[in-house]
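These are my notebook entries on a single protein chain. I went through the structure element by element and wrote down what I looked up.

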Amino acid sequence: MDKTINEIANIAELSCFYVVPEGLWLRIDYTNLDEGYIGCHDEDSGDEYAINFTDIKTTGGKFFQLVEVE
């Protein structure tokens with residue numbers, strides 16, 4: 001199913017990780033709804049990224065949440 005930019009923004013706000021199509025896991029640091037991107041970093045290398053919602057819509061990727069189970 002093709003997501004809209006707003007749907008991607010809502011999912012990003014609730015997620016802890018974004019995995020780019022190439023498989024790199026990035027920890028989401030913040031979501032900038034006004035500018036339309038997520039700020040994230042690679043925990044291994046420390047590299048920082050700003051990934052535009054439009055790019056996510058075009059190239060794909062996956063979002064993951066952390067859920068506490070008792």
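This is a predicted model: local features need pLDDT of at least 70, side-chain atom pairs count only at pLDDT 80 or more; totals for chains, interfaces and linings use all residues.

**Entry 1: Leucine 33**

I began with leucine 33, which is partly exposed, with a relative accessible area of 43%. I located leucine 33 in the loop between strand S2 (25-32) and strand S3 (37-41). Setting aside residues up to four places away in sequence, I found that leucine 33 touches Ala9, Glu13 and Phe53. I also checked leucine 33 against glycine 61, 28 residues apart along the chain, and their C-alpha atoms are separated by 18 Å.

**Entry 2: Confidence**

I looked up the confidence values before reading further. The mean pLDDT of the protein is 94, and 99% of its residues reach 70 or more.

**Entry 3: Histidine 41**

Is histidine 41 buried or exposed? I noted a relative accessible area of 19%, and histidine 41 therefore counts as buried, the cut-off being under 20%. Histidine 41 lies in strand S3. Its side chain is joined to that of aspartate 29 by a polar contact of 2.9 Å. Apart from residues up to four places away in sequence, histidine 41 touches Leu26, Arg27, Asp29, Asp47, Glu48 and Tyr49.

**Entry 4: Helix H1**

I then examined helix H1 (residues 5-14), where Ile8, Ala9 and Ala12 are buried. Seen down the axis of H1, the buried residues fall within an arc of 100 degrees, so they line one face of the helix. The partners against which the buried residues of H1 pack are S2, S3, helix H2 (53-59) and strand S5 (62-64).

**Entry 5: Aromatic pairs**

How many aromatic pairs are there? I recorded a count of four. One of them is the stacked pair of tryptophan 25 and phenylalanine 64, at 4.7 Å centre to centre and with 25 degrees between the planes. This pair links distant parts of the chain, since tryptophan 25 belongs to strand S2 and phenylalanine 64 to strand S5, 39 residues apart. I found tryptophan 25 partly exposed at 44% relative accessibility, and phenylalanine 64 partly exposed at 33%.

Next I looked at tyrosine 30 and tyrosine 37, whose ring centres are 6.1 Å apart and whose planes stand at 80 degrees, so the pair is edge-to-face. Tyrosine 30 is partly exposed, with a relative accessible area of 43%. I also noted that ring pairs link Phe17, Trp25 and Phe64 into a cluster.

**Entry 6: The nonpolar core**

Which residues touch the most other members of the largest nonpolar core? Of its 13 residues, I listed Tyr18, Leu26, Ile38, Ile51, Phe53, Ile56 and Phe63. At least two residues of this core come from each of H1, S2, S3 and H2. H1 gives the most to the core, with three residues.

Neighbours within four places in sequence aside, its contacts include Leu24, Trp25, Leu26, Ile28, Ile38, Ile51 and Ile56. Gly60, Gly61, Lys62 and Phe63 are also in contact with tyrosine 18.

Key:
Residues are numbered from 1 along each chain as its sequence is written. Side-chain values use heavy atoms; hydrogens and water are left out. Helices (H or I, at least four residues) and strands (E, at least two) are DSSP runs, numbered from the N terminus. Buried means under 20% relative accessible area, exposed over 50%, partly exposed in between (1.4 Å probe, protein chains only). Contact means heavy atoms within 4.5 Å. A polar contact is a pair of N or O atoms within 3.5 Å; within protein, one must be able to donate a hydrogen and the other to accept it, and residues adjacent in sequence count only if both atoms are side-chain atoms. The arc is that of the directions from the helix axis to the C-beta atoms. pLDDT is the predictor's confidence in each residue, from 0 to 100. Rings of Phe, Tyr and Trp (its six-membered ring) pair if their centres lie within 6.5 Å; planes under 30 degrees apart count as stacked, over 60 as edge-to-face and the rest as tilted. A nonpolar core is a set of buried Ala, Val, Leu, Ile, Met, Phe, Trp, Tyr and Cys residues joined through side-chain atoms within 4.5 Å.
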